[in-house]
Amino acid sequence: MADRVLWGVKSARSIRGHWALIELGLEYETRAIQTRTPPMEGAEYRAVNPRGKIPTLIDGDIAITESPAIVMYLADRYSTDARRLIPIEAKARAFYFEWMSFISMELDATSLYVLRRHEGLPEIYGEAPEANTAARAYFDRMITAAALRMEDGRPYLLGDTFYGPDILMMTILNWAKRYKCPYPDIFADYQTRIAERPQYLAAEVANNPE
């Protein structure tokens, strides 16, 4: 096995690891394992991640799960002056961690993942129309509040520089669009701008191998 391996493809969360690795110019090997497929239950992957979820990053003797943690780990360990995914200055870092937490918890876990379970996979998790309605309303409230931070015309979440939270936000907006959850125009413009980023396009290819 290579020193740096990312397990996981073809999911809204696995692309985050690919994207962070590409942004930082790091070489790595991809193991094209997909959620809800037999290899996820196999002994080889369970030895890597006993929880049986993707993605998982192996970096030497370190194994990291959870896509936000993977992005934060890579940003913290491998950012340089030329390629940086986490700010240096303390105030900017505080906002970095705030955005990472907000996106992971309020937009992903509390909102869109409810729709993923009960609209996207009702045969597994059951139908829950009231929960879906509440999740959509909550997403609308949270993304509308988040848009207030962008009203100063900043191109990225923390200002003029692209950082790790932008990776998470872009994947959330793509997910919201898939589930027909509207969001403010300011984030639609943001999404269009980031969709043209070469590193994002490369991550899409890495996350969707033939």
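This is a predicted model: local features need pLDDT of at least 70, side-chain atom pairs count only at pLDDT 80 or more; totals for chains, interfaces and linings use all residues.

Biologist: How do you know that the length of helix H7 agrees with its 19 residues?

Modeller: Helices are DSSP runs of H or I with at least four residues, and strands are runs of E with at least two, numbered from the N terminus. The expected span is 1.5 Å times one less than the number of residues. For H7, residues 129-147, that gives 27 Å, and the end C-alpha atoms are 27 Å apart, so the two agree.

Biologist: Which residues of H7 are buried, and what makes them line one face?

Modeller: Buried means under 20% relative accessible area, exposed over 50% and partly exposed in between, with a 1.4 Å probe and protein chains only. Asn132, Ala135, Phe139, Met142, Ile143, Ala146 and Ala147 are the buried ones. Seen down the axis of H7, they fall within an arc of 135°, so they line one face; the arc is taken from the directions from the helix axis to the C-beta atoms. On the other side, Glu130, Thr133 and Arg141 are exposed.

Biologist: Why is the pair of Trp19 and Tyr200 called tilted?

Modeller: Rings of Phe, Tyr and Trp (its six-membered ring) pair if their centres lie within 6.5 Å; planes under 30 degrees apart count as stacked, over 60 as edge-to-face and the rest as tilted. Here the centres are 5.0 Å apart and the planes stand at 55°, so the pair is tilted. It links Trp19 in helix H1 with Tyr200 in helix H10, 181 residues apart.

Biologist: And what makes Tyr96 and Phe97 edge-to-face?

Modeller: Their planes are at 85°, with 5.0 Å from centre to centre. Tyr96 has a relative accessible area of 0%, so it is buried, whereas Phe97, at 41%, is partly exposed.

Biologist: How do you know that the charged end of Arg197 sits over the ring of Phe162?

Modeller: The rule asks for NZ of Lys or CZ of Arg within 6 Å of the ring centre and within 35 degrees of the ring normal. The charged end of Arg197 meets it, 3.9 Å from the centre of the Phe162 ring.

Definitions and conventions
Residues are numbered from 1 along each chain as its sequence is written. Side-chain values use heavy atoms; hydrogens and water are left out.
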